[in-house]
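Me: I would like to go through the labels used for this model and check each one against its definition. Please give the cut-off each time a term comes up.

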Amino acid sequence: MLLAASKVFDKFKPVIGVNTDPERSEGHLCLPVRYTHSFPEALQKLYRGEFRWQWRQRIRLYLEGTGINPVPVDLHEQQLSQEQHSRAHINERFQDQRSDISGPHLLPVRALNEVFIGESLSSRSYNINKVANQAVEEILNIGEKILLSNEVTNDYNDSLLYSPEEPKMFFSIREPIVNRVFSSSRQRGFSSKVCVRSRCWDACMVVDGGTSFEFNDGAIASILIDTEDALCTVLLEE
């Protein structure tokens with residue numbers, strides 16, 4: 001579904017997915033699981049108009065800065081080790097003269113599920129396991145109203161969910177480095193636009209787990225929601 005959706009840029013072209021592996025896949029972007037085994041029923045509902053349109057918001061990405069490379073590596077077409085992945089980006093850069101563009105350059109993909117930015121490097125135990133002040137504050141605020149731990153957990157986890165039609169995205173900073181030089185006061189939240197400046201030497205920006213862009217020191221990514229990029233899907237009437 002993600003791969004198919006990435007090829008569609010027409011806001012009014014519906015994309016309908018069928019979960020072909022319901023035993024191993026949740027299929028959030030597809031029709032409900034029961035239609036996997038009764039697809040003719042789904043077709044009848046579509047024919048009779050027993051559905052409503054759902055406009056899933058997608059993420060638009062711009063790259064700018066020095067030495068950016070807007071040419072992607074398609075991860076669906078090949079399985080690469082980290083070393084091969086880096087080498088693939090280098091090869092693409094030398095094969096395409098557009099790497100000298102300073103930007104902002106609109107990338108030829110829209111993210112429906114996620115955008116991951118980072119390096120495949122090991123992290124220190126402290127940064128993996130420490131608890132942020134923001135997390136403690138949010139949990140304590142809930143705890144003032146509810147005493148049972150499972151209810152606190154459910155309330156907190158539910159606060160991370162939102163409708164795919166809302167023009168916003170959820171961001172999180174995984175394993176932030178906090179020391180004398182760097183700080184991280186807000187590690188997650190909702191926004192309609194996020195800008196990221198790279199300080200990395202061997203990093204990439206991966207869109208929906210399938211398309212990778214080089215993202216090293218000097219590059220700036222603008223990640224934003226534009227309602228014109230929404231993907232047209234359907235919700236069948238039950």
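Me: In what sense do strand 2 and strand 4 pair, and over how many bridges?

Reply: Strand 2 and strand 4 (residues 105-111) pair in the antiparallel sense over 4 bridges. Two strands count as paired if DSSP finds at least two bridges between them, and one example here is I59, which stands opposite A111 in strand 4. Strands are DSSP runs of E with at least two residues, helices are runs of H or I with at least four residues, and both are numbered from the N terminus. Before going on: this is a predicted model, in which local features need pLDDT of at least 70 and side-chain atom pairs count only at pLDDT 80 or more, while totals for chains, interfaces and linings use all residues. Residues are numbered from 1 along each chain as its sequence is written, and side-chain values use heavy atoms, with hydrogens and water left out.

Me: Which bridges does strand 2 form with strand 11?

Reply: Strand 2 and strand 11 (residues 219-225) are antiparallel and share 7 bridges. Among them, L61 has I223 as its bridge partner in strand 11.

Me: What makes strand 4 and strand 8 the edge strands?

Reply: The open sheet has 4 strands in the order 4-2-11-8, with antiparallel pairing. Strand 4 and strand 8 (193-197) are its edges: each pairs on one side only. From one strand to the next the twist averages 20 degrees; axes are lines fitted to C-alpha atoms (for helices over the stretch in contact), and angles run from 0 to 180 degrees between N-to-C directions.

Me: Why is N19 called buried?

Reply: Buried means under 20% relative accessible area, exposed means over 50%, and partly exposed is in between (1.4 Å probe, protein chains only). N19 has 3% relative accessibility, so N19 counts as buried. N19 is found in the loop between helix 1 (2-5) and helix 2 (39-48). Strand 2 (residues 59-65) is mostly covered as well, with 5 of its 7 residues buried.

Me: What does N19 touch, leaving aside its neighbours within four places in sequence?

Reply: N19 is in contact with S25, E26, G27, C30, V33 and T36, where contact means heavy atoms within 4.5 Å.

Me: How do you know that D21 and R24 form a salt bridge?

Reply: A salt bridge is a side-chain nitrogen of Lys or Arg within 4 Å of a carboxyl oxygen of Asp or Glu. The side chains of D21 and R24 come to 2.8 Å, N to O, and meet in a salt bridge. D21 has a relative accessible area of 26%, so D21 is partly exposed, whereas R24, at 74%, counts as exposed. K168 and E166 also meet in a salt bridge, at 3.3 Å. The count of salt bridges comes to 12 by this rule.

Me: Why is the pair R34 and E238 said to tie together parts apart in sequence?

Reply: R34 forms a salt bridge with E238, with the closest N and O atoms 2.9 Å apart. R34 lies in the loop between helix 1 and helix 2, and E238 in the segment after strand 12 (231-236), so the pair ties together parts that are 204 residues apart in sequence. R34 is partly exposed at 40%, and E238 counts as exposed at 65%. R34, E41, K45 and E238 are linked in a network of salt bridges.
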